[in-house]
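This briefing goes through the packing, surface and backbone features of one structure. Please have the sequence and the model open while reading.

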Amino acid sequence: MKRKIIISLSILFSLGMAGLFIFYLIKHDHTRWQVALGGIFVSLLPLGLLKMKNNPFNTPIIVSYYLFLFCSLYLGSISSFYLHFKWWDSTLHFFKGMFVGFMGISLYKQWIPPQARNNVSAGILFLFVLSLAVSSSVLWEIYEFVGDLTLTHTMQRGGNKDTMLDLLCGFAGGLITAIYSILRKRSI
């Protein structure tokens with residue numbers, strides 16, 4: 001089931017992005033065709049999970065990945081939600097913090113054998129989940145900063161204020177997931 005979902009969403013999303021790539025390339029809209037081209041590549045990344053013996057990510061995480069791509073690439077960049085709705089960027093950073101936190105829980109369940117989980121303190125699990133979420137937010141802000149220095153000047157329109165708000169939103173999303181992880185530790 002999970003395999004079919006990964007293949008279906010990868011094909012559907014990459015075909016949609018390929019159509020947008022061709023459309024905006026013909027219209028000479030270099031900003032949007034570049035986003036669509038990137039969308040093709042990131043939509044195909046989960047196909048790599050099919051090569052894994054034990055895919056640690058459940059169906060809701062896989063669907064959330066494509067939901068995030070749709071909201072950030074298509075709605076955010078191509079449909080200009082980032083420009084028209086000031087709250088859009090912060091909301092996606094909050095969602096990403098939660099999403100990466102749940103990925104951390106999945107990795108914890110994959111990497112720590114069930115018999116050893118009782119010996120892992122709730123604090124370690126909390127720090128692991130929160131650290132992944134915060135690290136992903138920091139890496140994303142580095143990507144935006146380097147992107148603005150080299151390719152475009154539109155990723156950090158609000159400068160330091162935008163960066164700090166994005167980091168705080170990513171932290172808040174990760175914090176919520178980390179708290180959830182310690183509350184549910186016994187069943188994880």
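Setting aside neighbours within four places in sequence, Ile 78 is in contact with Met 17, Leu 20, Tyr 24, Arg 32, Val 35, Ala 36 and Leu 73. The model is predicted.

**Nonpolar cores**

- The largest nonpolar core has 22 residues, and within this core Met 17 and Ile 78 touch the most other members.
- Helices α1 (2-26), α2 (30-44), α3 (59-78) and α5 (87-111) each supply at least two residues of this core.

**Surface patch**

- Val 138, Leu 139, Ile 142, Phe 145, Val 146 and Leu 149 make a nonpolar surface patch of about 570 Å².
- Of these residues, Val 146 is located in helix α7 (residues 122-150).
- Val 146 has a relative accessible area of 42% and is therefore partly exposed, as that class lies between 20% and 50%.

**Aromatic pairs**

- The whole structure contains 14 aromatic pairs.
- One of them joins Tyr 65 and Tyr 66 in an edge-to-face arrangement, with 5.3 Å centre to centre and 85 degrees between the planes.
- Both Tyr 65 and Tyr 66 are buried.
- Phe 68 and Phe 95 form a stacked pair, with 6.2 Å centre to centre and 15 degrees between the planes.
- This pair links distant parts of the chain, since Phe 68 is in helix α3 and Phe 95 is in helix α5, 27 residues apart.
- Phe 68 has 17% relative accessibility and so counts as buried, whereas Phe 95, at 27%, counts as partly exposed; the cut-off for buried is under 20%.
- One aromatic cluster is formed by Phe 81, Phe 85, Trp 87 and Trp 88.

**Positive phi angles**

- His 28 is not a glycine, yet it has a positive phi of about 60 degrees.
- His 28 lies in the loop between α1 and α2, and at 70% relative accessibility His 28 counts as exposed.
- Ser 80, also not a glycine, has a positive phi of about 65 degrees.
- Ser 80 is placed in the loop between α3 and α4 (81-84); with a relative accessible area of 9%, Ser 80 is buried.

Terms used:
Residues are numbered from 1 along each chain as its sequence is written. This is a predicted model: local features need pLDDT of at least 70, side-chain atom pairs count only at pLDDT 80 or more; totals for chains, interfaces and linings use all residues. Side-chain values use heavy atoms; hydrogens and water are left out. A nonpolar core is a set of buried Ala, Val, Leu, Ile, Met, Phe, Trp, Tyr and Cys residues joined through side-chain atoms within 4.5 Å. Buried means under 20% relative accessible area, exposed over 50%, partly exposed in between (1.4 Å probe, protein chains only). Helices (H or I, at least four residues) and strands (E, at least two) are DSSP runs, numbered from the N terminus. Contact means heavy atoms within 4.5 Å. Patches are made of residues with over 30% relative accessible area and no salt bridge: like charges are joined within 9 Å, nonpolar side chains (Val, Leu, Ile, Met, Phe, Trp, Tyr) within 5 Å. Accessible areas come from the Shrake-Rupley method with a 1.4 Å probe; for residues, only the protein chains shown count as cover. A salt bridge is a side-chain nitrogen of Lys or Arg within 4 Å of a carboxyl oxygen of Asp or Glu. Rings of Phe, Tyr and Trp (its six-membered ring) pair if their centres lie within 6.5 Å; planes under 30 degrees apart count as stacked, over 60 as edge-to-face and the rest as tilted.
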